[in-house]
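Here is a short briefing to read alongside the structure. Take a moment with the view below, and then we can walk through the fold together.

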Amino acid sequence: MFKIQYRNPQGRMVTAQSFKRAEIQRLADKARQEMPETHELRVREVAVDEASGDFIWADCTADFTR
């Protein structure tokens, strides 16, 4: 499961969740294209914390901005 957040051209924060990596990549590309300087893109993925075994949201923005 992925969660993406970014600012749209109207300045509103957009949030979406999806299991499909391609959908998140499409939204990340759209955010960077529409607002190259101020998109405030953030992508997170559900991961398991090794110490506690809890599910956490781990930042993976760099994977979608290459």
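Which strands does helix H1 lie across? Helix H1, residues 21-34, lies across S1, S2 and S3, and runs at about 10° to S1. Please keep in mind that this is a predicted model.

**The chain as a whole**

- Taken along the principal axes, the C-alpha atoms fill a box of roughly 40 × 20 × 20 Å.
- The chain has 66 residues, and 27% of them are buried.
- Of the contacts between residues at least 6 apart in sequence, 42% join residues at least 24 apart.

**The sheet**

- The four strands make an open sheet, ordered S2-S1-S3-S4, with antiparallel pairing.
- S2 (13-18) and S4 are the edge strands; each has a single partner strand, so one side of each is left without a neighbour in the sheet.
- From one strand to the next, the twist averages 25°.
- S1 and S2 pair in the antiparallel sense through six bridges. Two examples of facing residues are Ile-4, which stands opposite Ala-16 in S2, and Arg-7, whose bridge partner in S2 is Met-13.
- S1 also runs antiparallel to S3, and four bridges join these two strands. Here Phe-2 stands opposite Glu-45 in S3.
- S3 (residues 42-48) is joined to S4 by five bridges, again in an antiparallel arrangement. Val-48 faces Phe-55 of S4.

**Turns and backbone angles**

- The hairpin of S1 and S2 has five residues between its strands, and Gly-11 takes a positive phi near 90° there.
- Most residues other than glycine have a negative phi.
- Glu-40 is placed in the loop between H1 and S3. With a relative accessibility of 47%, Glu-40 counts as partly exposed.

**The nonpolar core**

- Which residues make up the largest nonpolar core? It has 11 residues: Phe-2, Ile-4, Tyr-6, Ile-24, Leu-27, Ala-28, Ala-31, Leu-41, Val-43, Cys-60 and Phe-64.
- S1 and H1 each supply at least two residues of this core, and H1 gives the most, with four residues.

- Ile-4 is placed in strand S1. Is Ile-4 buried or exposed? Its relative accessible area is 0%; because buried means under 20%, Ile-4 counts as buried.
- Beyond its neighbours within four places in sequence, Ile-4 is in contact with Val-14, Thr-15, Ala-16, Ile-24, Leu-27, Ala-28, Leu-41, Arg-42 and Val-43.
- Ile-4 and Arg-44 are 40 residues apart along the chain, while their C-alpha atoms are separated by 6.5 Å.
- Tyr-6, again leaving aside neighbours within four places in sequence, is in contact with Arg-12, Met-13, Val-14, Leu-27, Lys-30, Ala-31, His-39, Glu-40 and Leu-41.

**Aromatic rings**

- The count of aromatic pairs comes to one. Phe-2 and Phe-64 form this pair, with 5.6 Å centre to centre and 80° between the planes. Why is the pair called edge-to-face? Planes over 60 degrees apart count as edge-to-face, and the angle here is 80°.
- The pair links distant parts of the chain: Phe-2 belongs to strand S1 (residues 2-7), whereas Phe-64 lies in the segment after strand S4 (55-59), 62 residues apart.
- Both Phe-2 and Phe-64 are buried, and both are among the residues of the largest nonpolar core.
- A charge sits over another ring: the charged end of Lys-3 is over the ring of Trp-57, 4.6 Å from its centre.

Technical notes
Residues numbered from 1 in each chain as written. Predicted model: local features only at pLDDT ≥ 70, side-chain atom pairs only at ≥ 80, totals over all residues. Heavy atoms only, no water. Phe/Tyr/Trp six-rings, centres within 6.5 Å; stacked < 30°, edge-to-face > 60°. Buried < 20%, exposed > 50% of the residue type's maximum accessible area, 1.4 Å probe, protein only. Lys NZ or Arg CZ within 6 Å of the ring centre and 35° of its normal. Pairing = 2+ DSSP bridges. Axes fitted to C-alpha atoms, helices over the stretch in contact; angles between N-to-C directions. Contact = heavy atoms within 4.5 Å. Core = buried A, V, L, I, M, F, W, Y, C linked by side-chain atoms within 4.5 Å.
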